[in-house]
Amino acid sequence: MGAADKGSAAVQFEDFLPSMARKLGVEGLIEELCKGFELLMEPGAGKITFQSLRRNAAMLGLGELQDDELSDMIREGDIDGDGALDQMEFCILMVRLSPELMQDESHRAFQC
């Protein structure tokens, strides 16, 4: 997979969450994000660790990502600095990775 291929995969991901939000509504989107978190998390830890992300990356079509790229994903979403993603950190990261979602009307449900 070349650099151009990776870029197109990112665009597809960014387009995916907004369409899910429109189709499922905000509650449905959050439910699906929670299911995604459960698929990726380390069962004993209740968090997404580097090891659980690497182990499950292929299931998400991310099997070609290198260890440093997976580490960057964890680091980018790790708000509390514990080296793993809890459910809230994961959901925040997914929304941040989809700028189109925040331009859509569905973003209003994420505001307090």
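Let me begin with a term: a residue is called partly exposed when its relative accessible area falls between the buried range, under 20%, and the exposed range, over 50%. With that in mind, and remembering that what we have here is a predicted model, consider glutamate 32, which counts as partly exposed because its relative accessible area is 31%.

The side chain of glutamate 32 meets that of lysine 35 in a salt bridge, at 3.3 Å from N to O. Both residues lie in helix 1, 3 residues apart, which is about one turn of the helix. Lysine 35, with a relative accessible area of 41%, is partly exposed as well.

In one of them, the side chains of lysine 47 and aspartate 82 meet at 2.2 Å, N to O. Lysine 47 sits in the loop between helix 1 and helix 2, and aspartate 82 in the loop between helix 3 and helix 4, so this pair ties together parts that are 35 residues apart in sequence. Lysine 47 is partly exposed at a relative accessible area of 24%, and aspartate 82 is partly exposed at 37%.

In the other, aspartate 67 and arginine 54 bring their side chains together at 3.6 Å, N to O. This pair links distant parts of the chain, with aspartate 67 in helix 3 and arginine 54 in helix 2, 13 residues apart. Aspartate 67 has a relative accessible area of 38% and is partly exposed, while arginine 54, at 43%, is also counted as partly exposed.

Let me now turn to the aromatic residues, where the count comes to 1 aromatic pair. Phenylalanine 37 and phenylalanine 90 form this pair, which is tilted, with 6.0 Å from centre to centre and 50° between the planes. The partners come from distant parts of the chain, phenylalanine 37 from helix 1 and phenylalanine 90 from helix 4, and they are 53 residues apart.

Terms used: Residues numbered from 1 in each chain as written. Predicted model: local features only at pLDDT ≥ 70, side-chain atom pairs only at ≥ 80, totals over all residues. Heavy atoms only, no water. Phe/Tyr/Trp six-rings, centres within 6.5 Å; stacked < 30°, edge-to-face > 60°. Helix = DSSP H or I, 4+ residues; strand = E, 2+ residues; numbered from the N terminus. Salt bridge = Lys/Arg side-chain N within 4 Å of Asp/Glu carboxyl O. Buried < 20%, exposed > 50% of the residue type's maximum accessible area, 1.4 Å probe, protein only.
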